Amino acid sequence: MKSITPIQVAGGAAAALAAVVFAILLSVHIFVSPIQWWAIWAGSAAAGLAAFGVFYFAIESFINHRIKVIYKTIHALKSPKSTQVPRVEMTGDMLGKINREVQDWAAGKISEVRELRQRDDFRKEFIGNLAHELKTPIFNIQGYILTLLEGALDDPEINQKFLERASKSVDRMILIINDLDTISRFEAGRMELKLAKTDLVELCKELIDGMEMSARKRKMKLAVDHPEGLPVWVKIDRFRMSQVLTNLFSNALNYGNPGGSCTVSFDDMDQHVLVEVSDDGPGIEPEHLPRLFERFYRVDKSRARNSGGTGLGLAITKHILEAHGQSINVRSKVGEGTTLSFTLPKA
Ligand SMILES: Nc1ncnc2c1ncn2[C@@H]1O[C@H](COP(=O)(O)OP(=O)(O)OP(=O)(O)O)[C@@H](O)[C@H]1O
Ligand SMILES: [Mg+2]
């Protein structure tokens, strides 16, 4: 859109008035009594000049002055951290400047609002998920307590069984709360890593040994794909990295095919080691992959909930790796398997 400056408005008005005065003087010259040509020109020019002065002064003091104040206010609003209203130099195209300021400001606000809405959606979803996760164990505990109060307390066999079940539900709630606490501490940057030179091969073997029973139950094989006796030295927090690997191995066991396998391998990448945990399970549909690391996200909701996962494992995994300055990636093919890969700094 083309804008007009006060000079152009005043100039236009002056030209129009000069033309009117010229026409009047010319009519007088022709129809009433002759006037000198220099007087006609001088009269028109004087009228034009006077009109220019009056219009320019009026626009400048009545309109532009007010617009300048609005401009200053918008400018101050655009940068909420500024404590002072910025000084605005007067230019011819004040309206154009205001237009640009308002558009910039509005664009900024629109993206801010979009971001806030997105965050609000995440917050609502998170609260909904949390309520849902806590509801099951709480209702279970309530059910067991009520049954005991209604008389089952007198039967030693039933009360032992119900108290054990209630205790399991309490354990589940504690697990969820502890996982959330870990995530929020990482998010707040309050989680300190104890970095130490560690042999990744030895750590993986130790964790796999500890999961032998679960693997046997699922008739699955967990293995380290690396030449015997060759260490892979990395600088990591051993406890936190054990959490990462345990979650990846247990995911492969829980969601993989019975009788299948999961392998961890290491590749040299100059300053880093690339770690890949691959399984030959059913794989994950592409639409789930971008959301896999969100809190409480599960692919097969009902199955995962029954199998005991909180849906927080990969969210914690991502945070732990980010705290190590690394990131995690997933690739998966339905019917073929899933690979989670990340890098670690060499020691
Ligand atoms: N290797 C895998 N193969 C197929 N699906 C997987 C695999 N790993 C993860 N998933 C899917 O991703 C979801 C999220 O995994 P995540 O580890 O975050 O949570 P979880 O295993 O359900 O619970 P938690 O780890 O807290 O006990 C799982 O519920 C599962 O649906
Ligand atoms: Mg898991």
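This is a predicted model: local features need pLDDT of at least 70, side-chain atom pairs count only at pLDDT 80 or more; totals for chains, interfaces and linings use all residues.
## Helix H2

Helix H2 takes in residues 37-78, 42 residues in total. From first C-alpha to last, H2 reaches 57 Å. That is close to the 62 Å expected at 1.5 Å a residue. H2 is bent, by about 35 degrees, at Asn64.

Asn64 is also one of the buried residues of H2.

## His29 in helix H1

His29 sits in helix H1. Its side chain reaches the backbone nitrogen of Ile35 at 2.8 Å. Beyond its neighbours within four places in sequence, His29 is in contact with Pro34, Ile35, Trp37 and Ile40.

## The magnesium ion

Two residues coordinate the magnesium ion (ligand 2): Asn247 and Asn251. Each uses its OD1 atom, at 2.1 to 2.3 Å. Both residues belong to helix H7 (residues 238-255). They are four residues apart, about one turn of the helix. Residues three or four places apart in an α-helix point the same way, because there are 3.6 residues a turn.

Why do Asn247 and Asn251 count as buried? The cut-off is under 20% relative accessible area. Asn247 has 14%, so Asn247 is buried. Asn251 has 15%, so Asn251 is buried as well.

## Ligand 1

Ligand 1 is surrounded by 18 residues. The closest are Tyr255, Asp279, Thr310, Gly311 and Leu314.

Asn251, a donor to the magnesium ion, also approaches ligand 1: an N or O atom of the Asn251 side chain is 2.9 Å from a ligand oxygen. Backbone atoms take part too. A polar backbone atom of Val299 is 3.0 Å from an oxygen atom of ligand 1. For Leu314, a backbone N or O atom lies 2.7 Å from an oxygen atom of the ligand.

## Helix H9

Leu314 is part of helix H9 (residues 313-323), where it is buried. Ala315, Ile316, Thr317, His319, Ile320 and Leu321 are buried in H9 too.

What covers these buried residues? The cover includes helix H4 (156-187) and H7, along with strands E6 (328-333) and E7 (337-345). H7 is also the helix that holds Asn247 and Asn251. After H9 comes Gly325, whose phi is positive, near 80 degrees.

Notes:
Residues are numbered from 1 along each chain as its sequence is written. Chains are lettered from A and ligands numbered from 1 in the order in which they are written. Side-chain values use heavy atoms; hydrogens and water are left out. Helices (H or I, at least four residues) and strands (E, at least two) are DSSP runs, numbered from the N terminus. The expected span of a helix is 1.5 Å times one less than its number of residues. The bend at a residue is the angle between axes fitted to the seven residues ending there and the seven starting there. Buried means under 20% relative accessible area, exposed over 50%, partly exposed in between (1.4 Å probe, protein chains only). Donors are N, O and S atoms within 2.8 Å of the metal (3.2 Å for Na, K and Ca); water is not among the atoms, so sites may look incomplete. A residue is near a molecule or strand if one of its heavy atoms lies within 4 Å of it. A polar contact is a pair of N or O atoms within 3.5 Å; within protein, one must be able to donate a hydrogen and the other to accept it, and residues adjacent in sequence count only if both atoms are side-chain atoms. Contact means heavy atoms within 4.5 Å.
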